[in-house]
Amino acid sequence: MNKLSIKELLQVVGEYNPDELAKVQKAYDYADNLHDGQFRQSGEPYISHPLNVAYILAEMHADGDTLCAALLHDTLEDTDITKEDISYLFGKNVANLVDGVTKISKLNFSSKKDQILANTRKIITGITEDVRIIMIKLADRLHNMRTLQFKTPFKQQENALETMEIYVPLAYYIGAYRIKSELEDLSLQYLKADTYHRLEEKKQKLEATNEPYLKEMLAKIQTMLNERNIPNEIKIRTKNIYGIYKRLCAGHKLSDIHDLFSLKIMVDEIEKCYLTLYLIHSKYHPINDKFKDYISNPKTNMYQSLHTTVFGPNDRLIQTQIRTFEMDRIASFGLATYWDIMEGNAREIMQQDLKDKYQFFKSLVEINAVFGDNQDFVNQVKNELFSDKIYVYTSKGDIVELPKGATPIDFAYKIHTDIGNTMVGAIVNEEYAPIDYKLKNKDRVRIITDDLSFGPRKEWLDKVVTTRARKKIREFERR
Ligand code: MN
């Protein structure tokens, strides 16, 4: 990558937020001065790192406070200044953000492992205070992963593993797919170098052979849309290497991956997404069971799009993803898109949205409240939130996200404490199911309640996997 300068950062910021330029320049000068004489392992002056982190965030149209915090993010840890100094010079918000991304000092811990756990907890729970802390951490990690070649092999493995275990799930939860897929590919490159390079080569070959067909189809769809005066943009997208790797691990053959190649079709309005779908289906035969409507049923991280896989030119399977321009921004950057959609109080809106719409958030707050010990906290987050999930429907068709192994009892408590406490049975897909039935993807779940029930029984504790259900059952017992 070319060396980045403050000029380029200011240019990007100036395009969407010219009012904050002076503040960003001030933060840069201040950090540059503090890091003077420090170097990265690459040999570059240290300031190149915070500068790159700020640049990644500027590409997502981050607000001025976030950019200043990104530029200052390593000053508390690596130089002599304090949070109060930053607060005095740049305001309380910037100081809180910098403090949020700063590692907890080594001095308080008896072992390195304890310190790592405490820091992991601090990163994960940062999201409950201010989601921008996570965004800065993700950008920080992304730049560190991009420059990981300068570290020792041991550090490379350690960072790649931590990225997969902690940062990739966080990026997924806030819907920041662009960062997520780059982090995945960078990690795989270090964790399984041979596999990565083999797949990269195969992918390039396939891209070359498929390109003419994709281009042909792109042009035809574009013509159809233009004839109907539908404003549009169409891009060719290939699955990331980690995504391909995961499919192969699950036993699929490379030729069977139906979304290896996609056409990403962006139009201006929701109605036109469905019209576009109709136009595509009338020209190319769809595979019926590969159709997904994530517009009417958004993913739990707010991703929206229509997916349909069709028989394209030369009998090749090609997936199309149809969405509005705004949905596409959300698909790339997730929650961070609010920086762009709403100016001013974007932070408050993001934090409120996180509470109201993102299902993982409540679970995270609950796990944080229940588990005092850092090791227990990290284990529980990994098991309950960062591992495989299932998605089931309520009787009204709402989608509920649960960890794998969850039962109707977990489901009932996730919906409402009273439903859990008065539960007497469950109906799954129109049939009675035992209350410890292990729920599966797409199950339709209805809980039978009775106000005269005796309430949850102690044995239920062995039949649940979520922190919330366990906590509520214990609370009922104590009454
Ligand atoms: Mn850093």
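**Aromatic rings, pair by pair**

Visitor: Is Tyr 172 buried or exposed?
Guide: This is a predicted model, so we go by computed values. Buried means under 20% relative accessible area. Tyr 172 has 16%, so the label for Tyr 172 is buried.

Visitor: How do the rings of Tyr 172 and Tyr 177 sit, stacked, tilted or edge-to-face?
Guide: Their centres are 6.1 Å apart, and centres within 6.5 Å make a pair. The planes meet at 85 degrees, and anything over 60 has its own class, so this pair is edge-to-face.

Visitor: What about Tyr 173 and Phe 386, what angle lies between the planes?
Guide: Those two rings form an aromatic pair, 6.2 Å centre to centre. The pair counts as tilted, with the planes at 35 degrees.

Visitor: How many residues apart in sequence are the parts that this pair ties together?
Guide: Tyr 173 belongs to helix α10, residues 153–173. Phe 386 is in the loop between α19 (374–384) and β6 (389–394). So the pair joins parts whose separation in sequence is 213 residues.

Visitor: Are Tyr 173 and Phe 386 buried or exposed?
Guide: The cut-off for buried is under 20%. Tyr 173 comes in at 3% and Phe 386 at 16%, so each one is buried.

Visitor: Which residue has its charged end over the ring of Tyr 294?
Guide: Tyr 294 is part of a cluster linked by ring pairs, with Tyr 303, Phe 360 and Phe 361 among the members. The charged end over the Tyr 294 ring is 5.0 Å from its centre, and it belongs to Lys 299.

Key:
Residues numbered from 1 in each chain as written. Predicted model: local features only at pLDDT ≥ 70, side-chain atom pairs only at ≥ 80, totals over all residues. Heavy atoms only, no water. Phe/Tyr/Trp six-rings, centres within 6.5 Å; stacked < 30°, edge-to-face > 60°. Buried < 20%, exposed > 50% of the residue type's maximum accessible area, 1.4 Å probe, protein only. Helix = DSSP H or I, 4+ residues; strand = E, 2+ residues; numbered from the N terminus. Lys NZ or Arg CZ within 6 Å of the ring centre and 35° of its normal.
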